[in-house]
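Welcome! Here is a short briefing to read alongside the sequence and the 3D view.

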Amino acid sequence: MKFGIVTFPGSNCDYDTYHAVVDALGEEATYLWHKEHDLRGSDVVILPGGFSYGDYLRAGAIARFSPIMREVAAHAERGAPVLAICNGFQIACEAGMLPGALLRNASLRFVCEAVRLRVENADTQFTNRYDRGQLVTVPIAHGDGRYTADDETLARIEGEGRVVFRYVGGPGDADEWWSPNGSMNAIAGIVNAAGNVLGMMPHPERAVDDLLGSSDGMGIFESILSRVAA
Amino acid sequence: MSRFRVAVHIAPRRGLLDPQGKAVTDALRTLGFASVQDVHVGRHLVVEMDAADPAAAERTTRDMCNKLLANPVIEDFEIASVSTL
């Protein structure tokens with residue numbers, strides 16, 4: 001299977017993502033420069049983390065107008081998988097591929113640490129290798145990760161099971177909602193209505209090897225592989 | 001065609017948590033400005049453009065705000081002024 005990893009000016013997790021796909025998963029990957037008009041046969045598109053366009057105006061606001069995004073949107077409309085990580089999640093929201101927006105962390109601080117997530121929906125093409133309710137450890141590294149949506153949108157995505165990952169494990173109860181950035185309902189990751197676009201602030205590509213603290217992120221890449229290959 | 005300068009205020013949507021505004025509010029109170037009730041931190045943009053008249057300049061700027069300059073999910077905007085250059 002071929003993964004296309006989009007590189008915007010300011011992306012900085014594209015190499016880590018490439019490593020996760022090629023070295024950890026053992027699949028093919030190609031970098032897609034943001035000015036290209038062709039996904040070069042990619043089965044899966046990944047919008048990686050970073051600071052595209054220096055987060056000018058708002059995080060992700062300029063990147064959504066990059067030429068490649070037209071192809072990424074068409075790819076998503078065909079029902080093909082898009083994994084949008086961190087800055088990629090911000091871009092996907094700005095592009096209208098996912099509902100809501102990511103705002104400055106409530107603490108006003110950049111947060112870089114391993115967090116615990118609960119898998120809220122294990123029936124998506126990104127999470128079928130997990131069990132519902134499973135706790136996984138994946139790092140976050142962002143300054144603008146506070147998921148925000150209007151009440152109606154929030155009720156809809158909760159009701160439709162589109163909240164895929166939630167932050168848990170604050171001081172006290174390991175299973176309670178707890179948000180490191182002030183996200184509504186401690187939301188860490190959501191899918192679109194069709195279920196083929198996943199946006200998440202945590203970095204699964206940084207959790208693909210026990211040597212680096214966790215390999216819990218592999219489940220996402222393996223899930224994509226098993227679903228698309230099936 | 002004339003040239004106009006259009007000023008736009010963009011602020012966090014009312015009711016949304018605004019941690020920057022709260023931090024500035026607290027700092028002002030610490031400085032002794034006890035009367036401060038609330039502060040909201042947003043952006044101020046100045047767009048210079050050619051248009052037939054001020055109304056057209058304002059209309060075009062609103063369009064820009066809806067499509068790029070502001071994010072309607074989280075921000076409100078207002079055209080603060082339109083001046084002729």
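Chain B has a radius of gyration of 16 Å, whereas a compact globule of 85 residues would have one near 12 Å; the radius is taken over C-alpha atoms, and the globule rule is 2.2 Å times the number of residues to the power 0.38. This is a predicted model, in which local features need pLDDT of at least 70 and side-chain atom pairs count only at pLDDT 80 or more, while totals for chains, interfaces and linings use all residues. Residues are numbered from 1 along each chain as its sequence is written, and chains are lettered from A and ligands numbered from 1 in the order in which they are written.

**Chain B**
- The C-alpha trace of chain B spans about 50 × 25 × 15 Å along its principal axes.
- Chain B has two helices and three strands, and its pattern along the sequence is β-α-β-α-β. Helices (H or I, at least four residues) and strands (E, at least two) are DSSP runs, numbered from the N terminus.
- Of the 85 residues in chain B, 14% are buried. A residue is buried if 20 or more other C-beta atoms lie within 10 Å of its own, exposed if 12 or fewer, and partly exposed in between, with C-beta atoms placed from the backbone.

**Where the chains meet**
- Eleven residues of chain A are in contact with nine residues of chain B, contact being C-beta atoms, placed from the backbone, within 7 Å.
- The chain A side that touches chain B has five nonpolar, three polar and three charged residues. Here Ala, Val, Leu, Ile, Met, Phe, Trp, Tyr, Cys and Pro count as nonpolar, Asp, Glu, Lys and Arg as charged, and the others, Gly among them, as polar.

**Helix α1 of chain A**
- The buried residues of α1(A) are D14(A), T17(A), A20(A) and V21(A). They lie on the same side of α1(A) because they cover an arc of only 125 degrees around the axis, taken from the directions from the helix axis to the C-beta atoms.
- Just after α1(A) comes G26(A), with a positive phi of about 80 degrees.

**Nonpolar cores**
- The largest nonpolar core holds 70 residues, and A84(A) and A92(A) touch the most other members. Such a core is a set of buried Ala, Val, Leu, Ile, Met, Phe, Trp, Tyr and Cys residues joined through C-beta atoms within 7 Å.
- Strand β9 (residues 163-168) of chain A gives this core its largest share, five residues.
- Another core lies apart from it and has eight residues, including F4(B), V6(B), L69(B) and A70(B).

How values were computed. Contact = placed C-beta atoms within 7 Å.
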